[in-house]
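Here are my notes for a first look at this model. Please read them with the structure open.

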Amino acid sequence: MKRAAIALLLLTMLACEREERRFREMPSAAARRNTERLVSLVPGPYTADVKVDAPYGRNAFAISEGKRLFSWYNCVGCHANGGGGMGPPLMDERWRYGSDPEQIFATIWEGRPNGMPSFRGKIPEYQVWQLVAYVQSLSGNVPKDAANGRPDDMQVHKQDQALPDLVPEKEPAPVQ
Amino acid sequence: MRGIQSALEPAGVQAEQIANLWTVFLIVTAIVYVVVMAFTIAALLRRRPAIVSNATSPAVRNTVSAAVGLTVLILFGLLTASIFTTRGIASVPDRAIQIAVTGKQWWWQVEYDDADKSKRITTANEIVIPVGVPVTVHLRSSDVIHSFWVPSLHGKRDLIPGKRGQTLTFRADKPGVYRGQCAEFCGYQHANMSLWVTALPFADYARWIEASRQPSRIPSTKTERKGQDVFMSSPCPLCHTIQGTAAGGKTGPDLTHFASRRSIAAAMFPNRPGFLGGWIVDAQHLKPGSQMPSIPLQEQELQPLVTYLESLK
């Protein structure tokens, strides 16, 4: 009994980093090095890029900060709350320029043709990474325990942590 | 008790009434305390009579009735004093200066509205009011519940997100600088969410209003011009406004007349170049969690930027 209690307590420590708030973010040279190249040609022998872990993909605080910045920096002006408008929707499964964190980072940092502005030098780098984490969360690409469980905005898809439907949806009747 | 932030040192009519009520409560409750303690000590020292007296003897009954009656009377008196004070400070004069104060994590946005849009003033963490004229502050919040409290001028009132019509009307009767503070826990930097209220003679107040309506000062030296370029090319304008320039961000404090303010970071630091430089490059060290990000600037960029901002009188 006692052991089980201790084990349970230890288990809760697994969730410690979920809400971890790091306020002093150092600009990371590594993150910039790993942003996308415009061409696939590289000098020297071919080496696969070292994949960077998005620094915030598992951090609930950073994802919610990204959500705040998403409207502060007027991303909502074109993408709405992920549903799209002038800009493409971000909550669907289509990725024009890739769904990897560093690809999303490059999209924000460098901009993309036909309208996406480059935010390089306009947003501190760690905030761009927070935006990356939030953009990933829009299409459900972050762990459920880190995702924003209670978004206030209109949701196209079901909320990330919503309970499953109690009554399964009925199959549409076959056309006769 | 001397201080710029003390409810016991009222600088206005509302705060004075609150202070008077406080004094009445203090005197009455102090007397009650002393009397009760005296009776308790007397009862402890008194020798128990040899014969246990009947608890329902007329003497005991009369004493208890008198004590209960006196207690009710005193409480009723305090209630009456409280009601009259509340009514006194709640009366709103017809002509009051209207100022909107919005609480944000963790600073105060202050707006002087005007039908003519070009005459609107937006500033931060500082309210300038004239002496002897009633002022109504309209309290709003853009995130969580805050509470506006300038003890020298009035009591506190909450700022509730989404709720309009929260107002506080006060009048400063002595010119001076008074400090206020958020009085409702609102997050990590709640303790560092303060503001200044400056009460000026009416002529000075009118001059301040006129000066604040002007667009920002145009940089005149080479360093100031470079500083402005640094400001415009760095993340600053995404959140901050400087009237008369292209910077029009709305989420951070308006910096149009930044140099005329007493302090930075919601009255946390004095407004001096050293503090400002530190604030720009590492706000997250000085005030962790605040919405001001640390901006990694080179020395040759930071110096002109600070010079430019400190020139915005």
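1. Start with the core. This is a predicted model, and its largest nonpolar core has 55 residues. The residues with the most contacts inside this core are Leu153(B), Val197(B), Ala266(B), Leu305(B) and Leu309(B). Helix 6 of chain B, residues 299-309, gives the most to this core, with five residues. There is also a second, separate core, this one of 28 residues. Among its members are Ile63(A), Phe105(A), Ile108(A) and Tyr126(A). As background, nonpolar side chains tend to be buried together in soluble globular proteins.

2. Look next at Leu153(B). Leaving out residues up to four places away in sequence, Leu153(B) touches Ala11(B), Gly12(B), Gln14(B) and Ala15(B), among others. Its contacts also include Phe170(B), Ala172(B), Tyr178(B) and Val197(B).

3. Now the sheet. Five strands of chain B form an open sheet, in the order 3-2-1-5-8. The pairing is mixed. Strand 3 (121-124) and strand 8 (166-170) of chain B are the edge strands, each pairing on one side only. From one strand to the next, the twist averages 25°.

4. Strand 2 of chain B, residues 107-112, pairs with strand 3 of chain B in the antiparallel sense, over four bridges. Gln109(B) has Ala124(B), in strand 3 of chain B, as its bridge partner.

5. Finally, the chain contact. How many residues of chain B are in contact with chain A? The number is 13, and they meet 11 residues of chain A. On the chain B side, six of the residues are nonpolar, seven are polar and none is charged.

Key:
Residues are numbered from 1 along each chain as its sequence is written. Chains are lettered from A and ligands numbered from 1 in the order in which they are written. This is a predicted model: local features need pLDDT of at least 70, side-chain atom pairs count only at pLDDT 80 or more; totals for chains, interfaces and linings use all residues. Two residues are in contact if their C-beta atoms, placed from the backbone, lie within 7 Å. Ala, Val, Leu, Ile, Met, Phe, Trp, Tyr, Cys and Pro count as nonpolar, Asp, Glu, Lys and Arg as charged, and the others, Gly among them, as polar. A nonpolar core is a set of buried Ala, Val, Leu, Ile, Met, Phe, Trp, Tyr and Cys residues joined through C-beta atoms within 7 Å. A residue is buried if 20 or more other C-beta atoms lie within 10 Å of its own, exposed if 12 or fewer, and partly exposed in between; C-beta atoms are placed from the backbone. Helices (H or I, at least four residues) and strands (E, at least two) are DSSP runs, numbered from the N terminus. Two strands pair if DSSP finds at least two bridges between them. Axes are lines fitted to C-alpha atoms, for helices over the stretch in contact, and angles run from 0 to 180 degrees between N-to-C directions.
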